[in-house]
Amino acid sequence: MQAQGTGAPACAGQRIDSVRVHTAAPTAAQLRRVPVVAHLVRAVHTTTHAQLIRRFLLLQAGDACDELRRTESERIIRAQPFVADASITVLPDTLGGVILDVQETDEIALVMDVAVGPGVPPLRFLRVGDENFSGAGIYIAGDWRSGGPFRDGYGGEFVDNQLFGRPYTFTASGHQTPLGGDWLFDATHPFYTDIQRIAWRARSGASDDYAQFWRDRETRHAIRVRQNYFDVGGIVRLGPPGRLSLFGASISGTDERTGTEQVLVTPSGFAQDSNTTLLNRFVNHRIARANALWGIRDIGFVRVRGFDALTAVQDMPIGFQLGTLFGRSLSVLGSRDDDIFMAGDMYVGAAGRNNALRLQLEGEGRRNNDIGVWDGILATGRAVEYFKADRINTSLASLEFSGEWRPRMPVALSLGDPEGGVRGYIADKEPGARRLVARLEHRVFLGRPFKLGDFGMAAFADAGKLWAGDAPFGVTTPIRTSVGLSFLATVPPASGRLWRVDFAFAQSPGPGGSRLEIRFTGVDKTTFFLPDPGDVRAARERTVPSSIFRWPQ
């Protein structure tokens with residue numbers, strides 16, 4: 001068997017005589033003929049250190065060349081947030097063995113998020129940072145948020161993606177928000193690959209803010225919510241890579257408290273609220289649990305190009321996996337609640353020559369043994385079908401469901417959520433308990449202007465509906481629909497992070513909404529799991545990973 005495009009032997013047990021690692025800035029290769037611009041790129045971007053990439057490899061000099069470890073090494077490197085693309089080629093060596101040639105291209109390291117709005121001054125939010133500080137795979141950023149009639153918010157986040165030169169991730173973040181604050185410390189050994197034996201996590205955090213429910217465009221009902229949480233646990237792999245089981249255990253704790261006063265949040269500050277819907281609706285909880293984790297997996301990967309981005313290489317997971325968690329509260333750990341907690345997730349993937357299907361289901365819930373009732377129930381499901389007619393044309397169809405029953409804390413879903421809602425309805429903050437959204441999109445790759453990045457366009461249509469359920473102030477909406485056009489780009493070429501400007505036209509805007517919404521986003525969706533919308537993440541139990549297979553998330 002020959003390595004694609006090289007004429008060199010693939011990994012087949014040969015001795016690895018050496019490993020060569022080449023890292024490149026996002027546009028350096030394309031700008032060598034423009035020295036001034038190339039110099040500017042080097043001045044503002046520190047290329048990833050080769051040794052950092054080398055430490056993610058599952059093969060080293062002196063090892064026998066193994067194809068599974070080679071492909072998994074590629075996938076692990078590509079999965080890093082500061083990497084745009086990576087490949088590992090097997091080359092013949094005059095000493096009789098082979099050379100592993102690793103080629104890596106960085107993502108743009110600059111972090112810059114800006115939000116503006118009507119009024120003076122127009123700036124509402126600013127985040128500035130570096131996603132690959134000093135080429136060491138470290139994310140560091142600070143942000144500021146206008147508080148309006150309240151105090152301004154500010155904070156920062158630090159993430160080391162290779163702590164102490166090991167495949168450990170350390171996160172520290174803290175924020176003062178206009179109405180509260182939050183902090184988090186998290187140390188993890190992520191479950192990167194089926195080849196590794198163990199993964200673990202230790203985290204602790206807290207948040208203090210006001211849960212807010214839409215009343216009109218400028219006024220919200222609000223109640224204070226405080227949470228403290230911790231989680232320590234690990235998992236171990238049994239069975240061969242690809243067809244395995246995971247077993248694990250963890251200890252977790254959550255202290256949740258709601259305020260005793262309901263207020264209105266208005267453009268001029270707090271105001272008295274005559275409504276009492278949120279008062280005495282939620283019970284304080286102090287829970288400490290011992291948890292058992294179990295999962296099974298029969299998964300392989302098919303390499304596709306341009307499915308969730310314009311031209312990026314993507315490792316599409318195919319097969320089946322199931323993950324579960326069972327938790328029991330223990331008074332000896334300090335728990336005041338008597339409950340059991342259950343969570344599970346399932347993934348199914350299939351791929352053909354020019355199409356693929358991904359199905360992802362997740363659910364969690366808690367049984368209060370004091371009253372014999374299940375609450376805090378959250379269920380999500382997502383199905384995505386891809387069809388690639390040719391190299392430049394890609395069509396996607398998706399169906400997304402989110403629902404909660406008997407929420408334990410004051411949370412709700414909306415059609416205005418930037419990730420899970422209907423494009424064109426960002427102003428729709430009406431709360432609900434269940435949401436169903438269907439999406440259609442046809443994407444066209446138009447080329448690589450000046451070889452600096454990929455460029456394309458898309459046409460899309462969204463439709464969604466919200467049901468009131470038992471959400472506070474819940475509203476059942478008619479079906480909301482929108483159509484739109486998008487301009488798409490990736491920098492550098494073949495990056496998995498897709499930047500897009502969406503022009504969404506709402507067909508039936510809700511109260512306070514407008515016909516046209518312009519949205520700018522930059523997201524990498526080429527990962528194994530599809531990301532949760534923001535309002536779904538807020539509704540999840542803080543100490544529970546949404547899947548043990550993407551530990552520690």
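Modeller: Gladly! A salt bridge here is a side-chain nitrogen of Lys or Arg within 4 Å of a carboxyl oxygen of Asp or Glu. Keep in mind that this is a predicted model.

Biologist: How far apart are the closest N and O atoms of Asp532 and Arg382?

Modeller: Asp532 and Arg382 form a salt bridge, and the cut-off for that is 4 Å. Asp532 sits in the loop between strand E24 (516-524) and H4, while Arg382 belongs to strand E18 (residues 373-388), 150 residues apart. The closest N and O atoms of the two are separated by 3.6 Å.

Biologist: Is Asp532 buried or exposed?

Modeller: The relative accessibility of Asp532 is 8%. Buried means under 20%, so Asp532 counts as buried.

Biologist: Which residue forms a salt bridge with Glu541?

Modeller: Glu541 lies in the segment after helix H4 (534-539), and its partner is in strand E14 (residues 285-305), so the pair ties together parts that are 252 residues apart in sequence. The closest N and O atoms are 2.7 Å apart.

Biologist: Now the open sheet of 3 strands: what is its order?

Modeller: Strand E1 (16-24) and strand E2 (83-92) are the edge strands, each pairing on one side only. E2 pairs with strand E3 (residues 98-106) in the antiparallel sense over 9 bridges. The pairing in the sheet is mixed, and the order is E1-E3-E2.

Note on methods: Residues are numbered from 1 along each chain as its sequence is written. This is a predicted model: local features need pLDDT of at least 70, side-chain atom pairs count only at pLDDT 80 or more; totals for chains, interfaces and linings use all residues. Side-chain values use heavy atoms; hydrogens and water are left out. Two strands pair if DSSP finds at least two bridges between them. Helices (H or I, at least four residues) and strands (E, at least two) are DSSP runs, numbered from the N terminus. Buried means under 20% relative accessible area, exposed over 50%, partly exposed in between (1.4 Å probe, protein chains only).
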